[in-house]
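Here is a short report on one protein chain. Look at the sequence and the 3D view, then read on.

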Amino acid sequence: MLVRGLLTSAGTMVYTLMLLTVMLYIFGCLGFELITSNPRAQQDEVFGGIVEDWFKDVPRIMLTLLQFVCLDSVGGIYRPLIEM
């Protein structure tokens, strides 16, 4: 009975994973364009370092966004980005 329940919910879990991946990809592409083309990345060393470490390419941005979703030590990433 437990195995049958897991098997019947497998389709829903796969579709949820696909939806999450597509959403992370879309927002990863958007973040890549907005964050890497920011003129502050060339002017501010701290901002540029964070962009280089966490927002270098789309797969790395997707992993960073997954950290944001899970609230996995995101303060060190977003705090220097929003400070003026």
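Start with Q67. At 17% relative accessibility, Q67 counts as buried. Buried means under 20% relative accessible area, exposed means over 50%, and partly exposed lies in between, using a 1.4 Å probe and protein chains only. Q67 sits in helix α4. Helices here are DSSP runs of H or I with at least four residues, strands are runs of E with at least two, and both are numbered from the N terminus.

What does Q67 touch, leaving out residues up to four places away in sequence? Its partners are W54, D72, S73, V74 and I77. Contact means heavy atoms within 4.5 Å.

## How the model was made and read

This is a predicted model, in which local features need pLDDT of at least 70 and side-chain atom pairs count only at pLDDT 80 or more, while totals for chains, interfaces and linings use all residues. Residues are numbered from 1 along each chain as its sequence is written, and side-chain values use heavy atoms, with hydrogens and water left out.

## The whole chain

The protein has five helices and zero strands. From the N terminus, the order is α-α-α-α-α. The radius of gyration is 17 Å, well over the 12 Å that the globule rule gives for 84 residues, so the protein is more spread out than a compact globule. That radius is taken over C-alpha atoms, and the globule rule is 2.2 Å times the number of residues to the power 0.38. Along its principal axes, the C-alpha trace spans about 60 × 20 × 15 Å.

How much of the protein is buried? Of its 84 residues, 21% count as buried. Now take the contacts with a separation of 6 or more: residues 24 or more positions apart account for 48% of them.

## Surface and charge

The accessible surface comes to about 6,400 Å². Carbon and sulfur atoms hold 70% of that surface. The areas come from the Shrake-Rupley method with a 1.4 Å probe; for residues, only the protein chains shown count as cover.

The protein carries 5 positive and 8 negative side chains. The centres of these two sets lie 11 Å apart. Lys and Arg count as positive, Asp and Glu as negative, and His and the chain ends are not counted. Each charge is placed at NZ of Lys, CZ of Arg, CG of Asp or CD of Glu.

## One aromatic pair

A pair of aromatic rings is described by the distance of the centres and the angle of the planes. A search of the whole structure finds one such pair. The ring centres of F68 and Y78 are 6.3 Å apart and their planes stand at 55°, so the pair is tilted. Rings of Phe, Tyr and Trp (its six-membered ring) pair if their centres lie within 6.5 Å; planes under 30 degrees apart count as stacked, over 60 as edge-to-face, and the rest as tilted.

F68 lies in helix α4 (residues 58–70) and Y78 in helix α5 (residues 75–82), so the pair ties together parts that are 10 residues apart in sequence. Both residues are partly exposed: F68 has a relative accessible area of 30%, and Y78 has 33%. Beyond four places in sequence, F68 touches V74, I77 and Y78. Compare F68 with L2: they are 66 residues apart in sequence, and their C-alpha atoms are 33 Å apart in space.

Most residues other than glycine have a negative phi. L71 lies in the loop between α4 and α5. At 68% relative accessibility, L71 counts as exposed.

S73 is in the loop between α4 and α5 too. Its phi is also positive, at about 50°, although S73 is not a glycine. S73 is exposed, with a relative accessible area of 56%. Recall that S73 is one of the contacts of Q67.

## Links across the sequence

L65 lies in helix α4 and is partly exposed, at 23% relative accessibility. Outside four places in sequence, L65 is in contact with L24, F27 and G28. L65 and F27 are 38 residues apart along the chain, yet their C-alpha atoms are separated by 8.2 Å.

P80 is in helix α5. Not counting residues up to four places away, P80 touches R40, V46, F47, I50 and G75. The C-alpha atoms of P80 and F47 are separated by 6.5 Å, and the two residues are 33 apart along the chain.
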